[in-house]
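Subject: Structure for you to look at

Hello,

Please find the structure below, with the sequence. My notes come after it.

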Amino acid sequence: MASKFFTFLLLLLLQISCSTLSSALQETTPATNHTGQINSNSVLVALLDSHYTELAELVEKALLLQTLEEAVGRHNITIFAPKNEALERDLDPEFKRFLLEPGNLKSLQTLLLYHIVPARIDPHSWPKSASALTHHRTLSNDRVELTGDDSSGSKFIGTARVITPNAVNRPDGVIHGIEQLLIPRSVQQDFNNRRSLRSISAIKPEGAPEVDPRTHRLKKPAPPVLPGAPPVLPIYDAMAPGPSLAPAPAPGPGGPHHHFNGMRQVKDFIETLLQYGGYNEMADILVNLTSLATEMGRLVSEGYVLTVLAPNDEAMAKLTTDQLSEPGAPEQIIYYHIIPEYQTEESMYNAVRRFGKVSYDTLRLPHKVLAQEADGSVRFGHTDGSAYLFDPDIYTDGRISVQGIDNVLFPPEEKAKDEKKTIKVASVKPRRGKLLEVACQMLGAIGQDSRFTSCRL
């Protein structure tokens, strides 16, 4: 009886100990699983500290750290990391700009998750040939294809070659370095749609009426302009609206075609002025004091031709501060020295020899510059303030002609205004003496009092 009692007691104690052991095992078992806590030996920490800096920055910008921490907490992961050069230099700048736009965060996240497989893929488990391919689902819910090459031993994911297998190996994942970025079809489609929409919005609807801003009438379709043909519009319509620091582009019909490189030709003739010597002030006004060099380049690009009467440095030194300080004064002075024709020293001299006097249009409407023969040369302007053709044909290239003169020219109207001012001042003086005589007569001091002898003068 006693033996049975001890046997029962032993079985009871054994059962209690087994139950206690099983409960203890149940409590300690979850601690051995992944708890979602990231330690310093994690593959994510290794990615952020690795030399794949471009990919790590994109992961942070895409706000994917929390998502990846949860994925690592559940299972091992495999990251296919493109090299930095693939994201810096090899990637299309327009596509990279598309990914970094705030409105395309979803596309950026899909692109990055496409490089992560929620399973551990070691190099020894890679397919050995192209025929024995395997597919793996990524965190973006797309599939990637793994292949190999028997002859070279290379490993591929899609079309990207694995250049550094097991670049980073950690207990919770592995990183393989690849040579290029993997782009899922959905992200490529979003980029193509955005680019096509942008191009469509930039196209003006066909048949839309166009209004001429000068005449406020509907524009008629212009006939096709042959390369090198003279422009249809007069040069005054192609000029900027008044002197300004940023001249408007010339609206001539040949503008988009760029039959002539006007900017280079203007640069050449300005460099010629500087190398020729004695015309530094003219070059300085064209380039620094005004933006006329840019405007002249645009006019020449449109097919217009110009002849520049360039005053030398001695003539420019005679200009006063008042003549240059008024708004738009430098531009107006230079406009009066530009003829919208192509003339050389020979053509102008032959014209004045034949016709005596020739008036040339200038860019300063409505003023014209007069040319006539004098002392075997060509003289511009009227008698007072005229200028002689001093240095002929400084620059001639068929589009721009530069002729050096020895004085600064002004329209006749401005000279007349200056003369009127001097006449007005001279007419006041005799009136002052007459008033003094009248004052003396009123005082009765003429010839009577010695104190007013000054009045007799």
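Predicted model: local features only at pLDDT ≥ 70, side-chain atom pairs only at ≥ 80, totals over all residues.

Residues are numbered from 1 along each chain as its sequence is written, and side-chain values use heavy atoms, with hydrogens and water left out.

Helices: the axes of α10 (residues 262–276) and α11 (residues 280–289) come within 8 Å and cross at roughly 150°. Helices here are DSSP runs of H or I with at least four residues, and strands are E runs of at least two, numbered from the N terminus. Axes are lines fitted to C-alpha atoms over the stretch in contact, with angles from 0 to 180 degrees between N-to-C directions. α10 and α11 are therefore roughly antiparallel (an angle over 145 degrees). Phe269, Ile270, Leu273 and Leu274 of α10 meet Asn280, Met282, Ala283, Leu286 and Val287 of α11 (heavy atoms within 4.5 Å).

Aromatics: rings of Phe, Tyr and Trp (its six-membered ring) pair if their centres lie within 6.5 Å; planes under 30 degrees apart are stacked, over 60 edge-to-face and the rest tilted. The count comes to six aromatic pairs. In one of them, the ring centres of Phe80 and Trp126 are 6.1 Å apart and the planes are at 85°, so the pair is edge-to-face. Phe80 lies in strand β1 (residues 77–82) and Trp126 in the loop between β2 (116–117) and β3 (134–137), 46 residues apart. Phe80 is buried at 0% relative accessibility, and Trp126 is buried at 4% (buried means under 20% relative accessible area, with a 1.4 Å probe and protein chains only). Phe95, Phe98 and Phe191 form one aromatic cluster.

Regards

Conventions:
Parallel < 35°, antiparallel > 145°, perpendicular 65-115°, else oblique. Buried < 20%, exposed > 50% of the residue type's maximum accessible area, 1.4 Å probe, protein only.
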